[in-house]
Amino acid sequence: MSRRWRTRLNSDFDAGASDRGQLVLVSGVIVAVALLALVFAHAQLAYGGEADAPDLADISAATEDTVHAAAADVAGRYSWGVRRAAVTDFRAELDPDLTRIEHAHTGAGGVSITANNSAAGGWALRNCPRGPYRDFGSCVADRGVVVQERAGETTIVAVVLDVVVSTPRHETDVTLAVRAV
């Protein structure tokens with residue numbers, strides 16, 4: 001092999017190695033930028049600092065179960081004339097369970113559940129069961145509880161509650177209307 005040919009091969013080889021080195025360097029930079037973007041996205045979207053924050057769906061489900069159980073305990077025990085006593089008894093059954101729900105969902109924040117009588121009054125006006133085949137009386141809101149006269153008895157129809165879920169970073173306020181029947 002002539003010297004001129006070897007020199008030409010070496011210079012071609014050196015040029016190819018240089019191009020390959022630049023390609024590897026550029027590829028490495030692109031991968032590093034992509035990984036950095038993933039790290040930032042993970043830090044913003046999957047931040048684990050509030051992993052123990054109370055879950056509103058769990059609170060809602062537990063509240064619904066509690067309302068149904070308390071309504072079942074009161075069902076058929078009070079005439080319409082003593083509906084205030086029916087609501088008092090219902091609240092006596094409901095309130096300790098709501099307190100347990102509040103204490104069970106503390107995690108990285110807190111939960112507060114309170115009755116909303118004004119929203120219950122609005123719910124009673126808009127959603128009171130009625131119709132041509134229903135011989136029910138009108139609904140009345142009392143301390144967040146919607147009651148209705150049915151066949152001379154007081155029936156718990158719904159309860160309207162304000163739920164506040166607080167964490168160190170934010171607060172969520174929700175009004176739940178839970179049907180008891």
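Predicted model: local features only at pLDDT ≥ 70, side-chain atom pairs only at ≥ 80, totals over all residues.
Me: Which element gives the most residues to the largest nonpolar core?
Reply: This core has 25 residues. Elements giving two or more residues to the core include α2 (56-74), β1 (110-115) and β4 (153-166). The top contributor, with 6 residues, is α3.

Me: Which residues have the most contacts inside the largest nonpolar core?
Reply: In soluble globular proteins, nonpolar side chains tend to be buried together. The core here holds 25 residues. Those with the most contacts inside the core are Phe-90, Ile-113, Ile-156 and Val-159.

Me: What is Phe-90 in contact with, leaving aside its neighbours within four places in sequence?
Reply: Phe-90 is among the residues with the most contacts inside the largest core. Its contacts beyond those neighbours are Val-67, Ala-70, Ala-71, Val-74, Val-145, Ile-156 and Val-159.

Me: How many residues are in the second, separate core?
Reply: Trp-123, Cys-128, Val-157 and Ala-158 are included in this second core. Its residue count is 9.

Me: How far apart are the end C-alpha atoms of α2?
Reply: α2 has 19 residues. At 1.5 Å a residue, the helix should span 27 Å. The model agrees, because the end C-alpha atoms are apart by 27 Å.

Me: What arc do the buried residues of α2 cover around the axis?
Reply: The buried residues of α2 include Ile-59, Thr-63, Val-67, Ala-70 and Val-74. They lie on the same side of α2, because they cover an arc of only 130°.

Me: Which residues are exposed on the other side of α2?
Reply: What covers the buried residues of α2 includes α3, β1, β4 and β5. On the other side of the helix, the exposed residues are Asp-65 and Ala-72.

Me: Is Arg-143 exposed or partly exposed?
Reply: Most residues other than glycine have a negative phi. Arg-143 has a positive phi of about 55°. The residue lies in the loop between β2 (136-142) and β3. Its relative accessibility is 29%, so Arg-143 counts as partly exposed.

Me: What is the relative accessible area of Ala-151?
Reply: Ala-151 also has a positive phi, near 55°. The residue is found in the loop between β3 and β4. Ala-151 is exposed, because its relative accessible area is 78%.

Me: Which ring does the charged end of Arg-150 sit over?
Reply: The charged end of Arg-150 is 4.1 Å from the ring's centre. The ring belongs to Phe-136.

Note on methods
Residues numbered from 1 in each chain as written. Heavy atoms only, no water. Core = buried A, V, L, I, M, F, W, Y, C linked by side-chain atoms within 4.5 Å. Buried < 20%, exposed > 50% of the residue type's maximum accessible area, 1.4 Å probe, protein only. Helix = DSSP H or I, 4+ residues; strand = E, 2+ residues; numbered from the N terminus. Contact = heavy atoms within 4.5 Å. Lys NZ or Arg CZ within 6 Å of the ring centre and 35° of its normal. Expected span 1.5 Å × (residues − 1). Arc of directions from axis to C-beta.
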